[in-house]
Amino acid sequence: MATMVAMVSSSTITQQPFSSFTRGSIPISNLTPSLSFKSRLTLLNPQLRAALVEARPSSSQTSVSLPIPPPKDGSFKVLALPMDRADDIQAEAKALTRAVNASVYSPQLISSRYGSKPFKIFGRAFQIVFGLGSFGLKLWWEQRNGVGDKNRRIRAIELRNIFTKLGPTFVKLGQGLSTRPDICPPEYLEELSELQDGLPTFPDDEAFECIERELGLSLDSIYSSISSSPIAAASLGQVYKARLKNSGKLVAVKVQRPGIEEAIGLDFYLIRGLGFLINKYVDVITSDVVALIDEFASRVFQELNYVQEGQNARRFKKLYADKEDIFVPDVFWDYTSAKVLTIDWVDGVKLNEQEAIERQGLNVLDLVNTGIQCSLRQLLEYGYFHADPHPGNLLATPEGKLAFLDFGMMSETPEEARYAIIGHVVHLVNRDYEAMAQDYYALDFLSRDVDVSPIVPALRNFFDDALNYTVSELNFKTIVDGLGNVLYQYPFNVPAYYALILRSLTVLEGLALYADPNFKVLAASYPYFAKRLLTDPNPYLRDALIELLFKDGKFRWNRLENLLVQGRKDRDFSAKEALQPVLQVLLSPDGEVLRNLVIKEAVRVSEAFTLGTISDTYQYIPDFLRTLVFNGNAKEPLMMSETERQSMIELRDQVIRIWRLLQSSNDFDPSLLQPILQVLQQPEARRLGGRVVGGITQRLAARFLLQLLGAPTTAST
């Protein structure tokens, strides 16, 4: 939903006039008295109460003591908080009190509300079928008569108007389509993009009355100025630009549309009924459609509670706004309720307005990459993600930051699923389709009693073709569509969080395609995956890295080099972090199998360095000395084949390249080797080193003996 400011560039904003207040106000004395602060605390969610307990005052700030509900032992504690933090908590508590009666989604309540209104249901169903059906018939007729392309602009405008007339539910559908250039022609993209913030407004009088009613204050006591008309209008509300009277802060004030709950509730009643029919009669769809509809509906209803949206924004800001190129506006709790949200005003340009962004000297693809990297962190680190990142909710600020707006629709990825997704990528790269099938248990796609063996051939048939492309050529939508065709053939149940992840990623890819039709989200995402595999100490990811690097008892140096090349493209990559977790796994009590593999590889690498150096040095020895030193052989130093010699030199050079990649990292410092030396002083490390030295000595001694005897050597010697 394009709400806050998704709407305008800074140059446009300055043209909006402010008007002084000539309106009446609602006396505060006429409103219901608010609860005491102690009573309001009982309404706070556990996270907010935890914040009270964990906060600590800074020495430079005035503090205030707040009572904390007494523990079970009857004792009473007083916690000192910074004055501004205490005020903020009190303001949030008041906002929660104002929103205590906010609507929540309940299928039973909706059913009881609309089940006894057949005429209303029929009227709405007829309106939807007539609007979309007549549009579909026109498209079919024009395509049949060969004039479809000629009338495309007319039909795009008509579809936008139909979605607008059908209301918020269909506006959201149009917003999703407006970000998919691979689905919709350009004319449709351009027209549907207006649904992000160019919707019809509702009367200003109703909006201002809502503000006064919700906040219990008159407009002139809140603002020194406010725009006389909305800056933007979205599916659920419209936005005004205002300046707070007490602080002078410039803010965006979002006010909810009147009657929005009634309209959305009726639509979801109809859609849910359609879902029951699909579950019963459409066998090709194995997921529980009604459950997916309920999940989506509950999140839309959450968007109607602006206090919840404010809390979402605070949580999002705490998790992701630590990066210098990400901006998240703050919330003003004193002026927020269930139907009014006040946040920082953000000057910026929508991410799909490429020309306007470039006029500010910014690069669209840089901003898109920032959005992709932030989204990957959302999905795979903390698991709390923005589920509605359409262009109206992503702004490019004049400073070059990417601003996230509208936090009404958020979702979470379960922890097990986060690591399973990364592991799934590893298994895909390795073409390990048996492991990929097993991943669907962790992803909660399949119950544990389902046999995955029949799924493996279907995965192999699809991905063997898809993986013929390079990573830079893979298209996310192609992968999703192909995987979807596989999933629908088997008893999969796609969890709601996964559906929102797919929506989020496809929207991001759509935004990228605005800037560059050849842009591939998977290619842009790969550095993040590589960095996580190389640096994350999580046991699941450590196992995934070992699985990626070792195959059939041999170390795949080309995979490590590729991971380092890609991982270094991620700005958070750390060479130090890439070294320590591997050593910890290697020296762990359960690492015997891995240690045996490492010993074999260390011997092979040491031999490659030794013999490669001898081979290089040999080229500079005069012929008469070669005959004396190398047992009469003036052509080859160690009687090895050319293939073996080249293989050793390539291995040596590859290891050198990998070391140089680590050295060239920004955080590389010789002192980072000190912890490694400390690890190597452990008894297990000393035993490991002794085994490596012994293996190298035996191998070189065997080669030297064969050389003296004049016997041919092989790679297995």
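User: How are H22 and H23 oriented to each other, roughly parallel or roughly perpendicular?

Analyst: In this predicted model, the axes of H22 (residues 521–535) and H23 cross at roughly 105 degrees. Angles of 65 to 115 degrees count as roughly perpendicular, and H22 and H23 are therefore described that way. Their axes come within 8 Å.

User: Which residues make the contact?

Analyst: From H22 there are Arg532, Leu533, Leu534 and Thr535. H23 contributes Leu541, Arg542, Ala544, Leu545 and Leu548.

User: And how do they divide by class?

Analyst: The contact of H22 with H23 has six nonpolar residues, one polar and two charged.

User: What about H23 and H24, what is the crossing angle there?

Analyst: Roughly 130 degrees, for H23 (residues 539–549) against H24 (residues 557–567). These axes also come within 8 Å. H23 and H24 are therefore oblique to each other.

User: Which residues meet there?

Analyst: On the H23 side, Leu545, Leu548 and Leu549; on the H24 side, Arg559, Leu560 and Leu563. By class, that contact has five nonpolar residues, one charged and no polar. Leu545 and Leu548 of H23 are also listed in the contact with H22.

User: Switching to strands. Which way do S4 and S6 run, parallel or antiparallel?

Analyst: Strands S4 and S6 run antiparallel, and three bridges join them. S4 covers residues 223–227, and S6 covers residues 237–244.

User: What stands opposite Tyr223?

Analyst: Leu244, in S6.

User: How many residues of S4 are buried?

Analyst: Four of its five, which leaves the strand mostly covered.

User: Now H12. What should its span be, and what is the distance between its ends?

Analyst: H12 takes in residues 260–281, which is 22 residues. At 1.5 Å a residue, the helix should span 32 Å. Its end C-alpha atoms are 32 Å apart, so the two agree.

User: Which H12 residues are buried?

Analyst: Ile260, Ile264, Gly265, Leu266, Asp267, Phe268, Arg272 and Gly275. Asp267 and Arg272 in that list count as charged.

User: Last one, Glu309. Where is it, and is it buried or exposed?

Analyst: Glu309 is in helix H14, residues 306–320. Its relative accessibility is 2%. Buried means under 20%, so Glu309 counts as buried.

User: How far is Glu309 from Val331?

Analyst: They are 22 residues apart in sequence. In space, the C-alpha to C-alpha distance is 9.6 Å.

Technical notes. Residues are numbered from 1 along each chain as its sequence is written. This is a predicted model: local features need pLDDT of at least 70, side-chain atom pairs count only at pLDDT 80 or more; totals for chains, interfaces and linings use all residues. Side-chain values use heavy atoms; hydrogens and water are left out. Buried means under 20% relative accessible area, exposed over 50%, partly exposed in between (1.4 Å probe, protein chains only). Helices (H or I, at least four residues) and strands (E, at least two) are DSSP runs, numbered from the N terminus. Two strands pair if DSSP finds at least two bridges between them. The expected span of a helix is 1.5 Å times one less than its number of residues. Axes are lines fitted to C-alpha atoms, for helices over the stretch in contact, and angles run from 0 to 180 degrees between N-to-C directions. Angles under 35 degrees count as roughly parallel, over 145 as roughly antiparallel, 65 to 115 as roughly perpendicular and the rest as oblique. Contact means heavy atoms within 4.5 Å.
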